[in-house]
Structure formats: structure tokens, C-alpha cells
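Hi,

Here is the structure I promised to pass on. My notes on it follow below.

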Amino acid sequence: MSTSIPVLELNTTSFGSTSWREVGKKKRNIPRQQRLDIQRKNTDFYNFVDKTLQSLSKKRLHVKKFTLTDSLDKGKSVSRIDRWISFVIESDVEELSLNFDQGWYCRKYQLPQCVLVAKSIIALTLCQCKLESSCGDINLSSLKKLSLCDIIGDDRIIQKIVAGSPVIEDMRFTSCLGLKSIKFEGLTKAMSIELTYNGDLERVELEAPNLYSLYIHQKKQCEINLVSCSNLKMLALSAPSITDKWLHDHLSQLPLIEYLNIHGCHKLERLKISSHSLKTFYMMYSKKDELVEIDIDTPNLRNFAYCGHTVKPFSSTKMALSEAIYQMVQPIAPWNVEKIEFLAKLNNSKLLTLVTQLAKDMVIPQKLRQTLPSPSYNVKQLKLETGNLVIGLDIVELIDSLLWIAPLPEILLIVLPIDMEPWMDTICFKFSYEKPILKGKKPSCCKFLPVPCWRHCLKSVTIENFRVLGDEETLKAKEASLEKYFKENAEILETFQFLRSDISALKDL
């Protein structure tokens, strides 16, 4: 009969009230006796861990998960860490996480060979250590999940680890120094791969027929070949080497692709995407990009997000989206015809989310409102996410602009940060309408619309969680201005109410 120890977590960098690194920095200011007390506590702690792990090993008690964080400030720490790792390997540890992220010595720590032949390990996480390609055979026969972060190791050792892990499913390589080429073959079990911030990486070639998810984020030129990943469903790319031809050639070989995220692909000029399987598409545009137009033919797309300081000429098949997101980033280009037309492409979205740092950037100039139709008249749920609601903006001015963008919403949400948990607050406007019917000549506010706007059919307004970071007098003034606005502009309004709540109640959520 075997006994299992579920989890062992050791963080030697924060033992006691002061870590040894902090002691080293401040030793001139710490009394000698206090330094000796800290040293004694650390020694006692290390001895306790030694005895405990050795006992578990001798008794053949199974350790399910072992997590170690150590600064390795001094060379003598290495032998201690090697001993601890050996003990948990002998205890058939399943999940092993080693993080040496706080000391100058850590990059010289070489992972012991026993880890690389531990047949019990299912999940292995290594941060800031050294992997030698001259190590012996690697046999990680049970390994399913591998995460390497900020390690030193060349192509050969990475290749050996993956080749020695026949059932590997999930791999993550982040900021690995010395990793120049990845060529993985025969990865029949692999489901997810992440390659991020590997500055030396020059080439990626994957043969993983059952791969489900792939994320590549590179800042330098990198040759990428994914043609042997035909079952891929989720692809996120941020790589300056991606061209129009590369994207077209690869997407045409991915008949099952459902999720696509593109950002930082500066060489793309004419982004053309044609896919009947694609359901989610996220696109980020920056000033560095050479993009001049976007053309998507994705009849089954359900979620779409565009992030950029301006918009590019955009054409698409008619999209019936569950959610569309337009995020404006600094420096925000002024509102123009192209931006309004872009929003019009998202008119059939169930939820339209607009994101901007300053709410005042969401106010559409009157000149555009008088010459263009409201772009989102079919949208029933409109959400604004903003970093600041009050700087340089009257609340009525904002609501008036949002109700021009979507003139018949059932719900209008404004999400903004606050300085207490849960750190975000949401103002909710709920609207109900009489059946919108236009009689006689169209009024000027509806002259471009197929149906009347809210001014002619709004029956009730309920505003929930209306809170402003300010005093009670300011809050009442804003409430009064909103009530006046709706009563003066809604022809048949019957009820208007605020459902207020104390912002301090959020602490209990």
C-alpha cells in the first residue's frame, strides 16, 4: 500500500521576514544578532526540509507535486538543491516545478541528470537553470506537460528532451537562450505548443498532425513552417516574418482552424482571410505595420476584435457576430467616415464592445452625426470599457454619442476601473421600447435609419450601479442631468429610475 503526499511547496527566498538577498543588501544596517537569528532560522528550516524529504524517500511515500523556488545566492546551495530534487525523484514525484529566479548564481545551476530520466514525472516546469546538451540519455516516458522559461540550452538538448518524451502533449518555451532552431517531428500526441520571446530563434518547423493550439510570439525574423499541422484549430501569431503569401498558404492548409489572433506581423500588407471554419478572429494594428487593407470571407465567424489607433479599409461577407470588439489605442486618430463605416460592418453583432482609455475619445463629432447614419442600429447590447469616465467629459455628452452609435439598444454598459476590489465597476442602462413605427415624414434624427431611433419609442429607463468617484453633490448633479436629458429627448417616456447602491458594498463581492 502506498501513501501519497499531495503537494510540497518550498520558497526559500522568502523564509522568515527577510530573504538572504535582502540581508546581503542591508547587512550594514542590520544588527549582528538579528543576522545571526535569521541565519539560524534558515539553517533550521533547511535541516527540517532535508530530514522530511529524506524520510519520505526512505518510506517510499509518493509525492504528487513538488514546487521549489530558490535564489541560489551562494554556491553551497547547489548541493542542497540537488539533494532535495533527488529525494523527490525517489518519491516518484508527478509534477515538478523548479524556479531559480532571484539570484545571480542561478544561471549557473545545472539541472541534475536524475530529472531527465524520471519516469514518474507528468508535468515539468523549469525556470532559470542550465541544460547541458552533453547530458546522457533522456527518458521522460510519462511527461505530458513541459514548460521551460529563461533557461540556457541549445537546440540539441531541447530536441533530446522532446524526443525523450513520447507522450508529450503541452510544451511552452519562453525566453530560452541559445535556442536557434526548433524542428519537432512525429509529435503525434502534442496538443498545444507556445514559443514566446525566444530571442535567438531563427527557424521553426513542426510536424504535429494532432496539434490543437499554437502560439508564436517573436520579435526577430524567424522562418516558420506549419504545413504538417493540418488539424490545428487555434493559432496566435506575432512575428515580423509573416507575409501575405505565408498567411494565405498556411491558412489554406488549415481546414479546421477556428481561432486566429494576429498582431505584430508588420509585413502584412493586404490581409485576406477566407475560411468557413473560423469562428474567432482577433487583429491588432500598429503604426509599424504596412497593412493597407483587410478582406475577410468568414461566414461562420462569431467573435471579432480589432485593435488599433486607426482603421484600415475593411471588407467582409455579412457577419452575424455574437460579439464584436473595437479597441482604440493611443495615439487615437480622430473620428472619420472610415471609422463609422467600420462600425457599420459590425452592425449585426449581438454585443458590440468599444474600448478606449479616455471616454471622451468616444464622442462622435456632430458634423459626422449629421451626415452619416448611425452605424450600429441593429446592436441590442452596447458596452464601453474605459480607463477614465470623468476627465474632460460630461456624462450626458457621452451617453448622447453612444446612443447615436447604437440608437435602439436594450442594454448599455459602461465598465470603468475603481480603486478598490474588485477594481472594476459597471454602470448599466436598461431600456424598453414601444414597437418602433414611423408615422409621416422622418424626423432629422432618423433620416438615414430604416427604423425610428430611441427618441420616438423609448418607454422606460433604468440605471443601475450609477456611481461616480466624488462627493454626494456631484453624484446628484450627474443624476439630475441624465434624467433631464432623457425626459427632454424621449417623446413617450413613462418611467425613469436610478437603482443606486453604495460603492463600499463592492468590498463584500
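This is a predicted model: local features need pLDDT of at least 70, side-chain atom pairs count only at pLDDT 80 or more; totals for chains, interfaces and linings use all residues.

Accessible areas here come from the Shrake-Rupley method with a 1.4 Å probe, and for residues only the protein chains shown count as cover. By that method the protein exposes about 24800 Å², with carbon and sulfur atoms supplying 50% of it.

Residues are numbered from 1 along each chain as its sequence is written, and side-chain values use heavy atoms, with hydrogens and water left out.

Overall, 48% of the 509 residues count as buried (under 20% relative accessible area, 1.4 Å probe, protein chains only). The protein has nine helices and 25 strands (DSSP runs, H or I of at least four residues for helices, E of at least two for strands, numbered from the N terminus).

Helix 2 is worth a look. It runs over residues 32–58, and its 27 residues reach 39 Å from first C-alpha to last, close to the 39 Å expected at 1.5 Å a residue (1.5 Å times one less than the number of residues). Its buried residues include Ile38, Asn42, Phe45, Tyr46, Val49 and Leu53. An α-helix has 3.6 residues a turn, so residues three or four places apart point the same way. Just after helix 2, Arg60 takes a positive phi of about 55°.

Cheers

Technical notes. Buried means under 20% relative accessible area, exposed over 50%, partly exposed in between (1.4 Å probe, protein chains only).
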